[in-house]
Amino acid sequence: RRIIMNISTHLTWSELACKDGTVYPYPNRVNQLAAMFECVRALYNLPITLLSAYRTPEWNRKIGGARNSQHVQGRALDLRSPTGVKLEQFFTDIHSHVDEFGIRGLGLYPTFIHIDCRPSDRLVSWYGAGKKDDK
């Protein structure tokens, strides 16, 4: 029997681990990441699938991630929109709360939304084409 430890109400340590099995290595960043996730989830009070969180540098290279990816720094999450919510609406709703939620990076991809809490005074926002870890 596997015991799943929660970081917050709706986020587990296993969800934050790299897809190669490496555990999330930044305990000093996890609370900020979890708070950001819980704020986004509270917008709809529906489950949100976390597609990618922490990535080792090797995994990030393997999947074609950005050279200075916030995933490698343990500051980013890629999220699938909740069931019944169009991706563009999900992006718009998150965008309207970035300051409140502590989001400093927001990307819209064809099948998911990227959010991160990079150390920055301003929001970095973009539209991406890659699939990355979306499996």
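Analyst: A residue is called buried when its relative accessible area is under 20%, exposed when it is over 50%, and partly exposed in between (1.4 Å probe, protein chains only). This is a predicted model, so local features need pLDDT of at least 70 and side-chain atom pairs count only at pLDDT 80 or more, while totals for chains, interfaces and linings use all residues. Residues are numbered from 1 along each chain as its sequence is written, and side-chain values use heavy atoms, with hydrogens and water left out.

The chain has five helices and seven strands. Both are DSSP runs, numbered from the N terminus: helices are H or I with at least four residues, strands are E with at least two. Along the sequence the order is β-β-α-α-β-α-β-α-α-β-β-β. The C-alpha atoms fill a box of roughly 35 × 35 × 30 Å along the principal axes. The radius of gyration of the chain is 14 Å, which agrees with the value near 14 Å for a compact globule of 135 residues. That radius is taken over C-alpha atoms, and the globule rule is 2.2 Å times the number of residues to the power 0.38. Of the 135 residues, 49% are buried. Contact means heavy atoms within 4.5 Å. Among contacts between residues at least 6 apart in sequence, 54% join residues at least 24 apart.

Now the charges. The structure holds three salt bridges. A salt bridge here is a side-chain nitrogen of Lys or Arg within 4 Å of a carboxyl oxygen of Asp or Glu.

Take Arg55 and Asp78. Their closest N and O atoms are 3.2 Å apart. This pair links distant parts of the chain, 23 residues apart: Arg55 sits in the loop between strand S3 (50-52) and helix H3 (57-62), Asp78 in strand S4. Arg55 counts as buried because its relative accessible area is 2%. Asp78 is buried as well, because its relative accessibility is 2%.

Asp99 and Arg104 form another bridge, with N to O at 3.2 Å. Asp99 is exposed at 59% relative accessibility. Arg104 is buried, with a relative accessible area of 16%.

The remaining bridge joins Asp116 and Arg118, N to O at 2.7 Å. Both Asp116 and Arg118 are buried. Gln70 lies beside this pair. It touches Asp116 and Arg118, and also Arg75, Ala76 and Pro119, leaving out residues up to four places away in sequence. Gln70 belongs to the loop between H3 and S4. Gln70 is buried because its relative accessibility is 13%.

Next, the charge without a bridge. Glu38 is buried but has no salt bridge; the nearest side chain of opposite charge, Arg41, is 5.5 Å away. For charge, Lys and Arg count as positive and Asp and Glu as negative; His and the chain ends are not counted. Glu38 does have a polar partner: its side chain meets that of Ser8 at 2.6 Å. A polar contact is a pair of N or O atoms within 3.5 Å; within protein, one must be able to donate a hydrogen and the other to accept it, and residues adjacent in sequence count only if both atoms are side-chain atoms. Beyond four places in sequence, Glu38 is in contact with Ser8, Thr9, His10 and Leu11.

Glu38 lies in helix H2 (residues 30-42). Ala34 is buried, with a relative accessible area of 5%. Outside four places in sequence, Ala34 contacts Ile7, Ser8 and Leu11. Gln32 is another residue of H2. Gln32 is partly exposed, with a relative accessible area of 45%. Gln32 and Cys117 are 85 residues apart in sequence, yet 7.6 Å apart in space, C-alpha to C-alpha.

Last, helix H4. In H4 (residues 87-95), the buried residues are Leu87, Phe90, Phe91, Asp93 and Ile94. They span an arc of only 165° around the axis, which puts them on the same side of H4. The arc is that of the directions from the helix axis to the C-beta atoms. The buried residues of H4 pack against H2, S4 (76-79), H5 (98-101), S5 (105-108), S6 (113-116) and S7 (124-127).
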